[in-house]
Amino acid sequence: MADSLRRLVNIGTFTVLQDKLEKWLSDYYINTCDQNVARGCEIIELNAKVQGQLFKLLSVCASDGGMYGGANIIKSRLLPWLGQNFFTSGGSVTADTSLSVLAEASAKDREFNDLQDMYEKSMDDLERDLQSMKTENQDLRDELQEARLELDSNVRSLSGDRDYLDTENRDLKRKLADAQDEIAKLRVRAGLVDDYERKMRNLRDELSLSYGKRDYNLSDSLTSYRYTSRITTPLAIDDPVQRVRQQNLVARFNDMFAQDRLDALDTLRRYSDDHENNQRIIYTAISEAFSTAKLAFRQFKMKVRANLAKTHYGPETLEEAVQDYVNRNSDLYDLPGMVSDVIRALNRNPKIFLPPDATFAIVQPFIREACKLAWQMSALAHPIDIAASTDAELFDDNKYRRSYDSEYSAPLVNHHIWPCLMQGIKTLVKGEALTRRGASLSSSGRRSRSPTRALSPTRALSPSRAFSPSFRSRSVSPLRRSRSPSPRRCLSPLGRRSPTGSPSRRSILRSSKALRSISPKSF
């Protein structure tokens, strides 16, 4: 009895039964109806075998107590659950045989379940491999199709390129033939140019013989200078030198507006996209070029006057002798120094700017041409100058024309694009300005060089508005907008001009002091 019970425990039949129940529960919704019924029958068979072994053990236990051993317990607990003929004879099968059969059955079930799991797992792996192979096959088909399309496009492009190259080759051959013809024509013209240059050199030699040998050193040129009597005075407005040079300089001024200004704007556009700031830079550059050239010419003229005064005896006046010398030596000036002064003035101007990686030297060719033009205009007997201007001033139709992007109903100038060329109070060439509504003193793009050119509230606005409380809270003080004049710029004998056109009293006093402080020995 005890050995049979021990064997039943060691077999672990109830553990197998529990595993099968859990397996059935996990696969219940996956299995078909037939599979679920088969699982249930299998569990019932296993349970029946276990119950048979238990009843055999129960019979053996009851027989150990005699005929009526355990009868009361069986009657009270087992009989109510048993039906008629529930106990069956074990036949020829012994308890050990039944237990061994159960053990074999459970072992086979375990092996079958393991094999089934391995099979299902291998099937899943095969399905995954098959799916991946299908995906790779589809990718290869797509790549093959793309390769075919690319090959077709390459073939078409190569055929088109071949046709294009043939056409381009024919065009190049035609252009080469045209270029050869043009070279032949230019060679003929070059011979004419050589003749012209030879004639020009002869003319220069004749002119040098007529005027004498010129030296670019100021002291030597003043020593060898001799005034030649002329029919007209060099200070006359109708003097041939004045008329011819004025006409050429005005034409050059127009050429600078049409060509040099646009080239400088193209250069600035590579570094800054602010079109208005670039226009302000160009206008400020030419304005500073005129200011620097006028200052340098005044110093040059003072030196000439001081040196000629020592040896001049007439019959012409000293001013006529000075102007005649200036007309003959109009190229005695320090152009690099003037260009450097203009660039320094641009760097000091707070209203214009460039990126950190750029300097105002990028427009040095434009500044050089502007300084040369300003010097030549200042060297005339009746000099030509640009009109003084400031932002937010009232637009003047006599001096300026509006730019294409201006607001034509706006009365105030937002900023100037090109200066007005004047001779005294006469306008020779109109400048260009941009007018917009809302132009104010705070948007001024050009610094005033002297208090007389600084914008005052009484000049820009009516008295009623200038002294209103609302305007005083928003207006800009003229003292902050103007800058004290440089000592170098105060050496002019005429000084700064007042808004009315005549020299201011303060400027004349400064100029007279500067003249007294200069000794002829310094020249």
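Arg-436 is partly exposed, with a relative accessibility of 31%. In this predicted model, the side chain of Arg-436 meets that of Glu-276 in a salt bridge, at 3.5 Å from N to O. This pair joins distant parts of the chain: Glu-276 belongs to helix α8, while Arg-436 sits in the loop between β6 (431-435) and α12 (457-460), 160 residues apart. Glu-276 is partly exposed too, at 24% relative accessibility.

The structure holds 17 salt bridges. Here are some of them:

| Salt bridge | N to O distance |
|---|---|
| Glu-276 and Arg-436 | 3.5 Å |
| Lys-23 and Asp-117 | 3.7 Å |
| Glu-319 and Arg-305 | 3.0 Å |

A network of salt bridges also links Arg-252, Asp-260, Glu-369 and Lys-372.

Now let us visit helix α10. Its 14 residues (335-348) should span 20 Å at 1.5 Å a residue, and the end C-alpha atoms are 20 Å apart, which agrees. At the start of α10, a side-chain oxygen of Asp-334 comes to within 3.3 Å of the backbone nitrogen of Gly-337. Which residues of α10 are buried? They are Leu-335, Met-338, Val-339, Asp-341, Val-342, Ile-343, Ala-345 and Leu-346. Their cover includes α8 (275-311) and α11 (364-378).

Leu-126 lies in helix α5 (residues 95-211) and is exposed, because its relative accessible area of 53% is over 50%.

Definitions and conventions: Residues numbered from 1 in each chain as written. Predicted model: local features only at pLDDT ≥ 70, side-chain atom pairs only at ≥ 80, totals over all residues. Heavy atoms only, no water. Helix = DSSP H or I, 4+ residues; strand = E, 2+ residues; numbered from the N terminus. Expected span 1.5 Å × (residues − 1). Buried < 20%, exposed > 50% of the residue type's maximum accessible area, 1.4 Å probe, protein only. Contact = heavy atoms within 4.5 Å. Polar contact = N/O pair within 3.5 Å; in protein donor to acceptor, adjacent residues only side chain to side chain. Salt bridge = Lys/Arg side-chain N within 4 Å of Asp/Glu carboxyl O.
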